[in-house]
Amino acid sequence: MKILVCISNVPDTTTKIKFTSDGSQFDATGVQWIINPWDELALTRAMELKETTGGLIDNITVINVGTKDTEITIRKALSVGADHAVRIDAVPTDAYAVAYEIAKYLESHPFDLILTGIESSDYNGNAVGGMLAEMLNIPSVSSVSSIEIVDGQVLITREIDGGKQLLNVPTPLVAVVQKGIAKEPRIPSMRGIMAARTKVIEVVSPANVQPLTDYIHFDLPQPKGKCKMIPADQIDELIHVLHQEIKAI
Amino acid sequence: MNFELTEEQKLIQQAARDLAEREALLDVIERDEKAEYPYKHVQRMKELGFFGMTVDPKYDGGGMDSLSYVLVLEELAKHDSSLAVILSVHNSLACWGVENFGNEYQKEKYLKPMARGEVIGAFLLSEPEAGSDATHQKTLAEDMGDYYLINGVKNWITSASTAGYYIVIAQTKPELRHKGINAFIVEKDTPGITLGPHENKMGMRSSDTHSVMFTNVKVPKENRIGEDGFGFKFAMKCLEVGRIGIAAQALGIAEGAYMRSLKYAKERKAFGTEIANHQAIAFKLADMAVKIETAKLLVYKAATLKDMHQPFGLISAMAKRYCADIAMEVTTEAVQIHGGYGYVKEYHVERLFREAKLTQIYEGTSEIQRIVISRAILSE
């Protein structure tokens, strides 16, 4: 069985987000890039499945649509244990273009289980997994919180309103994973980092599909206004502020 | 000159940061208070391959460069210096010493288990009456023909109770003074070795420090490192490398105090605004940042020279002296910026302040580093 984990390259979650002065682009100056946390959990679960299914899974590949700058992120995935990596050499413009590029690659490189994180932590699109399954004409399961492989069958638990749903899904399939899929991402060991030196990142030319969407403008949220605390017993003061100062009443 | 870390160095740095932030930081205050050894975290450092990370892969090591190793110590020390010192003594002194001056038998038997992280190494040089003046070793290693008989006391030994192998420095021919000193690899469970009580230290309380007594301890001749009388030179060479590790640790301590102060100064308000907006605090932060940046350049340069197989003894002494001293200065200001909160344990800076003090003392005091530096520059 072969598992593909789709990974996005995203700004570290503690990054202070800035946009260029005309608001047309994200300003990546000085940003530290990481594997999208959801994708990293997907990779962790893939590793766990490989270790616990006694040779059933013979290959875990990570795939990324991105420029050469993303290779440190890909290298980390290799150092925690992915066997192989593919980088489709294109700027990930929108979810459609990313899904299309991956689908194109998969036409000639089939996988049994394809994992994507529920969303990327930067643009929060939540779209690639579903689109990818549609393009490949295979099942996709969303909100996946657990994947088990029992007797060669892929058993998936997904979160539904007020409970959980257990599914037996035929392969190949796309599982869009969320919280709970794995406990926490793995820290690469020195051995893993050393082993990653000899693993090759396969660079694939893009299909150069046109994105379906375009960003017009980015804005930061409005800064929070000043907060004035009024003790509960000072009703007159509250009325004064609401009436005279902010003229809300 | 290239100031950019390689992809691999960044990965290693992040791995150490993750271990320190996600795991060690969670119980660091409790371990410090109870002076508890970090068994769980030492096990994780073994799993991640930090023990023996710079040893050649042909001796089962990680084969990483010194700069990567410095990055690991720096990241650990931002949150937990005890982990950094356990690692530094093992890698910089025990592993490096045996790898560079041991024979093939010693490397096969002792270096490999240390490089795999299966056995921790300790370095026994200081004595009750021989600290900075290491030439006056009172511990005797009497040459008995096919073995040495060791008698004496060693002080302030990091990992004394948890290590399996001791690198012991002892005097064989007192009449030759430092030229009569030898270095030995001694297995800790050899009969005649006893430990003093756990030292109740000011800082780095989670590391394991004892005195070690040797009473008629028989050490096979083949466990002597190098030629007869090589021990003092061996110890000094090891300390040249050790200084880089302690400098990196001191740098990490300073950074840990600085980043907490920066965060606190942006949040804490006084006189109607965040205290970072008061020049008295802003200038303290500016000075801390300059010192840290300078310290980083020194210690990274020392590690880089070592990786380039160029002489690094002088620069490592400069790095150790400077990093240790600025760690003390930066942590002192960090406590000051935090005010009363800096004086209680929850904010970590009082612990970093206590930890910084030791970096000015062990593996060559700041005063000894000045001797090393002044002798080197005056002899040029």
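**Close-ups of a two-chain predicted model**

**View 1. A:Val144 sits across from A:Val177 in β10(A).** This is a predicted model: local features need pLDDT of at least 70, side-chain atom pairs count only at pLDDT 80 or more, and totals for chains, interfaces and linings use all residues. Residues are numbered from 1 along each chain as its sequence is written, with chains lettered from A and ligands numbered from 1 in the order in which they are written. Strands here are DSSP E runs of at least two residues and helices are H or I runs of at least four, numbered from the N terminus; a pair needs at least two DSSP bridges.

**View 2. The hairpin of β7(A) and β8(A) has 2 residues between its strands.** Strand β8 (residues 153–160) of chain A goes antiparallel to β7(A), and 6 bridges link them. A:Val150 stands opposite A:Gln153 in β8(A). Zoom in on the turn and you'll find A:Asp151 with a positive phi, near 50 degrees.

**View 3. Step back and you get an open sheet of 9 strands in chain A.** Reading across, the order goes β9-β8-β7-β10-β6-β1-β4-β5-β11, and the pairing is mixed. The edges are β9 (163–169) and β11 (201–204) of chain A, each pairing on one side only. On average, neighbouring strands of this sheet are turned by 30 degrees against each other, direction ignored.

**View 4. β11(A) and strand β5 (residues 84–88) of chain A pair in the parallel sense.** Their pairing covers 4 bridges, and one to look for is A:Ile88 with its partner A:Val204 in β11(A). Helix α2 (residues 71–79) of chain A packs on the sheet here, touching β4 (59–65), β5 and β11 of chain A. The direction of α2 makes about 160 degrees with that of β5(A). Also packed on the sheet is helix α3 (residues 95–108) of chain A, which touches β1 (2–6), β4, β5 and β11 of chain A. For α3, the angle with the direction of β4(A) is about 140 degrees. (Angles run from 0 to 180 degrees between N-to-C directions, on lines fitted to C-alpha atoms, for helices over the stretch in contact; contact means backbone-placed C-beta atoms within 7 Å.)

**View 5. Over in chain B, domain 1 (7–115) is shown against domain 3 (233–378).** Domain 2 (121–231) makes up the set; the bounds come from an automatic or database assignment. The C-alpha centres of domains 1 and 3 of chain B are 20 Å apart. Each of these two domains puts 23 residues into the contact. On the domain 1 side, the elements giving two or more residues are α2 (28–34), α4 (66–79) and α5 (81–101) of chain B. That side splits into 11 nonpolar, 7 polar and 5 charged residues. (Ala, Val, Leu, Ile, Met, Phe, Trp, Tyr, Cys and Pro are nonpolar; Asp, Glu, Lys and Arg charged; the others, Gly among them, polar.)

**View 6. Chain B meets chain A through 16 residues of chain B and 12 of chain A.** On the chain B side, the largest share comes from helix α1 (residues 7–23) of chain B, with 8 residues. By class, this side of chain B has 8 nonpolar, 3 polar and 5 charged residues.
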